[in-house]
Amino acid sequence: PSIKELQCLTDNGIDHLNFVDYSKNCSFDVEFVFFASTSAFLCIFIIVVLSFTFAGQYIAPIYHIASGWFREALHVNSKHQYRYDVFVSYSSKDEHWVIEELLPNLERRGPPFLRLCLHSRDFQLGQDIVENITDSIYASRRTLCLVSRNYLSSNWCSLEMQLATYRLQVEHKDILIMLFLEVIPSRLLSSHHRLARLVKKRTYLNWPQDLEMHEAFWDRLWCKLSSNTTN
């Protein structure tokens, strides 16, 4: 008999079905597969777009924070060699103070001579700025934040403090030092929740306006930053 004449015996052993008609009922539904795959793709696409819209600005920092934590985990059982002693987080508008005051009294004073990391001098050319910030923070023994009104208005400075704070929370070490270059009113600090919490929990330094106190200030800061510089 031809294939169209073949009969299939059902499970009850009584009814006979045509083989061709029976095989059509068992055929693969291509239309349903296309519908299901298209629906799944659209759902994933919508989720990705919404996630990027509402959390896109946090994706890159979270990625770099995770990579920094991973690098630190690799050095838990090994002696970590830091490239810098201090990563200096400051606003570009305060760079004159860094050049005229900070460098002469910290980097050019010793022994031991401190190695400072400045974004204007030590960041890798051509590298993503967030990667530069993350690599520099985790390549430095400590982070020194030079807080001013210019600092509070800078998004990059805010990101640097955020990354340094996350590192502080993970390592639980004395690795974050805040130096206020000027008096900041409480109403300005209240809008910067992360910095306000740090001020309440941690001791910070104030740049003295009295010239006679500058030498003692630099002695104190240099001793703090130069401790444990043998690693």
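Arg-142 is a residue of strand 5. In this predicted model, Arg-142 has a relative accessibility of 6% and therefore counts as buried, the cut-off for that class being under 20%. The C-alpha atom of Arg-142 is 8.7 Å from that of Val-88, although 54 residues separate the two along the chain.

## The protein as a whole

How many helices and strands does the protein have? There are 10 helices and 7 strands. The protein has 231 residues, and 37% of them count as buried. Contacts between residues at least 6 apart in sequence can be sorted by their separation along the chain: 73% of them join residues at least 24 apart.

An open sheet is formed by 5 strands, and their order is 4-3-5-6-7. The pairing in this sheet is parallel. Which strands stand at the edges? They are strand 4, residues 116-117, and strand 7, residues 205-206. Each of these has a single partner strand, so one side of each has no neighbour in the sheet.

Helix 5, which covers residues 129-138, packs on the sheet.

## Strand 3 and its two partners

Strand 3 consists of residues 84-89. Of its 6 residues, 6 are buried, so strand 3 is largely enclosed by the rest of the structure.

Strand 3 pairs with strand 4 in the parallel sense over 2 bridges. Two facing pairs can be named here: Val-86 is opposite Leu-116 of strand 4, and Phe-87 is opposite Cys-117 of strand 4. The pairing of strand 3 with strand 5 is also parallel and runs over 5 bridges. Within strand 5, Ser-140 is the bridge partner of Tyr-84.

Asp-122 belongs to helix 4, which spans residues 119-122. What is Asp-122 in contact with, leaving aside its neighbours within four places in sequence? The contacts of Asp-122 are then with Tyr-84, Leu-116 and Cys-117. Cys-117 is also the residue that Phe-87 stands opposite. The C-alpha atoms of Asp-122 and Phe-87 are separated by 9.9 Å, and the two residues are 35 apart along the chain.

## Helix 5 against helix 7

Two packed helices are described by the angle between their axes and the distance between the axes. For helix 5 and helix 7 the angle is about 40 degrees and the axes are 10 Å apart. These two helices are therefore oblique to each other, and their crossing is right-handed.

Helix 5 contributes Ile-129, Val-130, Ile-133, Thr-134, Ile-137 and Tyr-138 to the contact. From helix 7 come Trp-156, Leu-159, Glu-160, Leu-163, Ala-164, Arg-167 and Glu-171. By class, the residues of this contact are 9 nonpolar, 1 polar and 3 charged.

## Helix 7 against helix 9

Helix 7 (residues 155-171) has another contact, with helix 9 (residues 193-201); their axes come within 10 Å and cross at roughly 45 degrees. That angle makes helix 7 oblique to helix 9. Is this crossing left-handed or right-handed? The crossing of helix 7 and helix 9 is left-handed.

On the helix 7 side the contact involves Met-161, Gln-162, Thr-165, Tyr-166 and Leu-168. They meet Arg-194, Leu-195 and Leu-198 of helix 9. The contact of helix 7 with helix 9 is made up of 5 nonpolar, 2 polar and 1 charged residues.

## Helix 3 against helix 10

Helix 3, residues 95-107, packs with helix 10, residues 214-226. Their axes lie 10 Å apart at an angle of about 65 degrees. Helix 3 and helix 10 are therefore roughly perpendicular to each other, a class that covers 65 to 115 degrees. Helix 3 passes helix 10 in a right-handed crossing.

Which residues make this contact? Trp-97, Glu-101, Leu-102, Asn-105 and Leu-106 of helix 3 do so, together with Trp-218, Leu-221, Trp-222 and Leu-225 of helix 10. These residues divide into 7 nonpolar, 1 polar and 1 charged.

How values were computed:
Residues numbered from 1 in each chain as written. Predicted model: local features only at pLDDT ≥ 70, side-chain atom pairs only at ≥ 80, totals over all residues. Heavy atoms only, no water. Pairing = 2+ DSSP bridges. Helix = DSSP H or I, 4+ residues; strand = E, 2+ residues; numbered from the N terminus. Contact = heavy atoms within 4.5 Å. Axes fitted to C-alpha atoms, helices over the stretch in contact; angles between N-to-C directions. Parallel < 35°, antiparallel > 145°, perpendicular 65-115°, else oblique. Left-handed = near helix turned anticlockwise from the far one by under 90°. Nonpolar A, V, L, I, M, F, W, Y, C, P; charged D, E, K, R; others polar. Buried < 20%, exposed > 50% of the residue type's maximum accessible area, 1.4 Å probe, protein only.
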